Amino acid sequence: MRSFLRAAASVALLSTVLLIPSTPALAAASSATRLQANPGFESGLTSWTADSSAATATTTAHSGSGALRIADSSTTAGVSVRGSALAVVPGERITAGIWVKQAVAGAGGFLYLEFRRADGSRTTPVLSEAAASSTSWQQLTVTGDVPDDAVTVNVLAYSSVAGSGTTYWDDATVSALPAPLRKVPNAGFEEQRDTSYPTQWATDKTGVGLVRGAAAFEGDTAVRITDGSTTDAVSVLSRAVPVGVGETITASAWANPLSGAGATLYLEFRDADGDRLSATTAAPGSAGSGWQRVGVTATAPASATTVTVRLYSLLGSVGTTTWDDVRLRSGADVSYAPALGAGRMVLFAGDQRVESYTGVTHKVFAGTKANTTGIVLGKGSAAYTANPRCSCTVLPGGTGEPKWKLWFSGSPQNGLSAGYATSEDGLTFQHVALVTGAPALGGVVANPAWTSGSAVPHYFGLSRRTTSGNEYYWVRSTDGIAWTEVPGSTPLAGFDVANVTWDPVTKLFVAQIKRHLSIPLGPRTTWVSTSTDFVRWSTPRPSFATDRLDDELITGAGKHGQTPWSEVYGMPAIRYGDQYLGTPWIFDITYSPNRDDGDNGPDKGRGHLELATSQDLVNWSRPSRGDLVTPGAAGSWDYGFQLGGTTLTTVTNAAGQQETRFYYGSFAGEHSCSAANVTAGDCDHGAGNSNVGMVSWPADRFASFHGAGTVTTRPLTPAGSNLTVNFAPGAGGDNLKVEVLDVDGTVLTGYGAADVTPITTDARAPGAQVTWGANTTLPSGPIRLRFTQTGGDLFAFTVD
């Protein structure tokens, strides 16, 4: 990553940014104003962190009565004033603006965006534009896309490193476009499946390579195209991303033309056969002009089903260009929606509803295990039940049925198989039968149209056809044991993991499928497809992939000189209140014996379960990456490789309290690790036995804002009026207060800190109601909520 001074020194080059075209078709996703604290410096430097030579001025202001004054007396160091952090979601496009005026023409000033990880480290080079030499007020603006591993952003007013002088600053603004629905796989070239060429991109290889460190624009890796021929071109082509006819798409990428000419960005629409229907192009500036954003916009023609992005060196030209951070924006992108349905719970496990937070930190809580040996299944006479595992689903039984039903996968050593078991307490399951007609059942959903005595199928599911088949087909059942294919349904391409769930809010069936089907095989990622009837399914689109922070968090060393990296083995998407919860199965790969030829089947390493949230099934927020399930001791059944189930079930426990249960599977050792592999030093722990287990939490307490501080929401327009909170005070007698603000952040009369009755006791689900003296209900929206806690853990809030 570039150092701060390196970024500042190169800022003049960044000022040549080519702005992405703005088209009416892209206005569907409108820009939302973010609540920058004290934007006009009317309250001095409150909410800003400033160097000692920064102060406020009352005699010079762009508007109001105050402004920021930066006096820079050094030609070797700049002066910085940093705004408070705003919560962000990966993929959002952030635009910041500020007005600047120079006391004497020639004094420099720059505006930066700083994206940061949860630990406060800066995750990407800052972006900047330079102020023109003028003593008149001028507005600086800067735009950047939130990296996958960032959780906050702040703006930075900065004087020139090389120059000296006095500048005045005023009226800072921050706005955001939501994360896009169309995503190019491995858009930042960070995936590590192939260390020589960009993973998930088709390349000519000759003339294509990866560069790292300071040579990249953002992150650690970029792709470089070197074309030395005037008769041959060099091309790097993305995977195809689904689009609709008439949809307007803008593609952008950061380009650094190093020499020669001919570098070109192509936006290509293709038909169902993969044939190109049209191509629209744009090119960066001349060689040596530095990093710049190249953008191109086009509308999908008739017969278009997908779009691809091509990084290209023209046929008759020679030259070298480095490319990074490819992005798609679409007229189909959806703006942030403040509407909050009645009874919809907002979990503080992701930041989609969070404007900002100070003092507190994100925390994930591992569930409490029901026991350490796993759920005991009656073995019966079937060998495959000796090592049951997930994908697994637990659903409640109906009248006259067992209270709980479990579907699980059998041991792959006995061929593809699935089993069915039942339980009266959800803790101990007895094996009932071998599933027929669905040899690799990847999740089960209860048919929402089914009622007792109904002739429609009771259950839907999806299953692989054969051991070697790379597709899933849709199945149905009346008893959960015998399954048949859904008439008229079309198989869906996928590999060895697929999960299906039902979303009662959108009335959609949601399938998350592992996709790594390029040749050679790419990294494990998940793609999402939805259906209203379990017959017709949408074209799968990219949903979830790991990022470079996952790679960096691996604690084990690689084998045989390989550097470890992470991929996602699978992930269901479970509707839970206002959001989807994902439980990504993070696979930390420590050795890949066939990495160069793309065969990822024998990859070695352990797997663990984490937590993610989403509003749209495509963009996921992971502000904390703690384990959902604490691994057992080495050698125990849930030490090595954990696999998550497709359901989160809330029950009333023996103590009369609500708890949420999550079923998971695991096996003792590493993926594809045999005794011979251990002897050879490929891995440390053989695959070993497996089982299915259960962990639980007090209801809704998966993750929290922890400690003392404040949390402010983005605008909300709730359908209900009663506010309840899920809050656990710490040992020191902590309390929680909730204020109601207008959209601009002003406390509403009667809803301030002096009016609210503090929450001082353990407010478990369904939560404690918040009141403000005589005001027992919320005012009509749009509103914001500001939570102030003296300690403890804030888990969730509900408006009903």
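Biologist: How many aromatic pairs does the structure hold?

Modeller: This is a predicted model, where local features need pLDDT of at least 70, side-chain atom pairs count only at pLDDT 80 or more, and totals for chains, interfaces and linings use all residues. Residues are numbered from 1 along each chain as its sequence is written, and side-chain values use heavy atoms, with hydrogens and water left out. Rings of Phe, Tyr and Trp (its six-membered ring) pair if their centres lie within 6.5 Å, and the number of aromatic pairs in the structure is 31.

Biologist: Take Y357 and F705: is that pair stacked, edge-to-face or tilted?

Modeller: Planes under 30 degrees apart count as stacked, over 60 as edge-to-face and the rest as tilted. Here the centres are 5.0 Å apart and the planes sit at 45°, so the pair of Y357 and F705 is tilted.

Biologist: And how many residues apart are Y357 and F705?

Modeller: Strands are DSSP runs (E, at least two residues), numbered from the N terminus. Y357 is in strand β26 (residues 354-358) and F705 in strand β52 (residues 703-706), so the pair links distant parts of the chain, the two being 348 residues apart.

Biologist: Is F705 buried or exposed?

Modeller: Buried means under 20% relative accessible area, exposed over 50%, partly exposed in between (1.4 Å probe, protein chains only). Y357 has 14% and is buried. F705 has 0%, so F705 is buried.

Biologist: Which loop holds F41, with its positive phi?

Modeller: Most residues other than glycine have a negative phi. F41 has a positive phi of about 60° although it is not a glycine, and at 2% relative accessibility F41 counts as buried. N38, with phi near 45°, lies in the loop between β1 (32-34) and β2 (48-50). F41 is likewise placed in the loop between β1 and β2.

Biologist: What is omega for the cis peptide bond from C390 to S391?

Modeller: Most peptide bonds are trans. S391 is in strand β29 (residues 389-396). The bond from C390 to S391 is cis, with omega near 25°.

Biologist: What is the pLDDT over residues 1-27?

Modeller: pLDDT is the predictor's confidence in each residue, from 0 to 100. The protein's mean is 90, and 94% of its residues reach 70 or more. Over residues 1-27, though, the pLDDT is below 50.

Methods. Contact means heavy atoms within 4.5 Å. Helices (H or I, at least four residues) and strands (E, at least two) are DSSP runs, numbered from the N terminus.
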